[in-house]
Amino acid sequence: MLGRSMLLAATNSISTGSGGYDTDAQNFINAVEAADGAALESAVKDAYNTFFLGCKTDSIYTLLRQVLILAGARTVAGALVPMVGGAPTNNNFISSDYDRKTGLKGRTNTWLTVPINNNASPLLSKHISAWVSSTSPSTANLIIDQGYGTNGGSALAEDVGGVPYGGINFSGGWSSFGSPKPSANTFFGISRSTSTQINIRRNGSTTQISQSAAAAAANRPTTYLFRDADGFYPYTGRLAFVSLGDFLDMALFNARVADRKSTRLNSSHVSES
C-alpha cells in the first residue's frame, strides 16, 4: 500500500511508467488491484490516472497528506488503499456497504481510523474535505473528527442540529456554518490560511466565516472518519472521497474531484462488481 514514505518524497512532477500512466498513479493502481485480487477496467484506471495528473498539473498533489478515493475499486479492501498517506483501519464495513460508483456508506457501528495527526499540516495551512454521494439522515453526525471538542482540534460535520459544523485548529470550539447543508453528490470541505477565518466549500460555492485559530494545533495522532473518537455521532451517509492536507484552492480541488467522481467513475464502463 501507499504509505507515508511516498508522501515525503512526493512531487508535482509527472513521470510515465511502462504502462503509459503516471508513475504514482500506476503504483496506486497496482496496490488497488492487489487488494482487490483482480484487475481493474481501463475506464477505472484511466480515471485514477487523470486525477493524479490533474492534481499534479494544478500543483495540488504535494499539498495532500491523506487521501482515500473510496470508489472505483472492486472491493472494500481495494477502496481503502490510500492514494496518499497511511492505510486506514476498517471497523465493520462490509461488501454491502460499498458501491464502486458512489463509495462507502456508513452505518451506526462502522468507522475508519486513519494514522494522520491533526497537527500534520501547519497551523495556518490546512484543509479537510469529502465527496458526499448521499447525505446522512441523522441530525448529529461527523464525517471527519480530529478533536472536535478539543482546543486546537479540527472536524467536519454535515449536520449538527440542522446545520453543518466544523473548523480547523480552532480556538475554544468548532463553529456553525449556517445553512445550507451540503447536498448529495457534492464536494464538502473547509480550509484555513489565516488565524481569523476559515473557508467553506459546499454545493459548488465558497464562503468564509470568522473562526480564530488556537496557538497550536491539537496533538491527535488518529483521525476518525464516519464518527467521533468516542463512538458517537455516526455518519450514515455515503462518501466517495476524503482528503486531509495543507491549504489549497478549494474550488480548483472541487473541480478535480468532481471530474473524477461524477464523470469518470460514474461511467457506464465501470461495472457493478
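Author: We begin with N254, which is located in helix α5 (residues 250-264); helices (H or I, at least four residues) and strands (E, at least two) are DSSP runs, numbered from the N terminus. The model is predicted, so local features need pLDDT of at least 70, side-chain atom pairs count only at pLDDT 80 or more, and totals for chains, interfaces and linings use all residues. Residues are numbered from 1 along each chain as its sequence is written, and side-chain values use heavy atoms, with hydrogens and water left out.

Reader: Is N254 buried or exposed?

Author: Buried means under 20% relative accessible area, exposed over 50%, and partly exposed in between (1.4 Å probe, protein chains only). With a relative accessible area of 8%, N254 is buried.

Reader: Which residues does N254 touch?

Author: Contact means heavy atoms within 4.5 Å. Not counting residues up to four places away in sequence, N254 touches W131, F187, R201 and G204. The C-alpha atoms of N254 and A130 are separated by 9.6 Å, although these residues are 124 residues apart along the chain.

Reader: Which residues have the most contacts inside the largest nonpolar core?

Author: A nonpolar core is a set of buried Ala, Val, Leu, Ile, Met, Phe, Trp, Tyr and Cys residues joined through side-chain atoms within 4.5 Å. The largest one here has 64 residues, and those with the most contacts inside it are Y48, L64, M83, L104, F226, L239 and F253. Its largest share, six residues, comes from α3. Among the residues that L239 touches, not counting those up to four places away in sequence, are A130, W131 and F226.

Reader: What relative accessibility do F226 and S59 have?

Author: F226 counts as buried because its relative accessibility is 0%, whereas S59 counts as partly exposed at 42%.

Reader: Which peptide bond is cis?

Author: The bond from S179 to P180 is cis, with omega near 5°. P180 is placed in the loop between β12 (175-176) and β13 (186-192).
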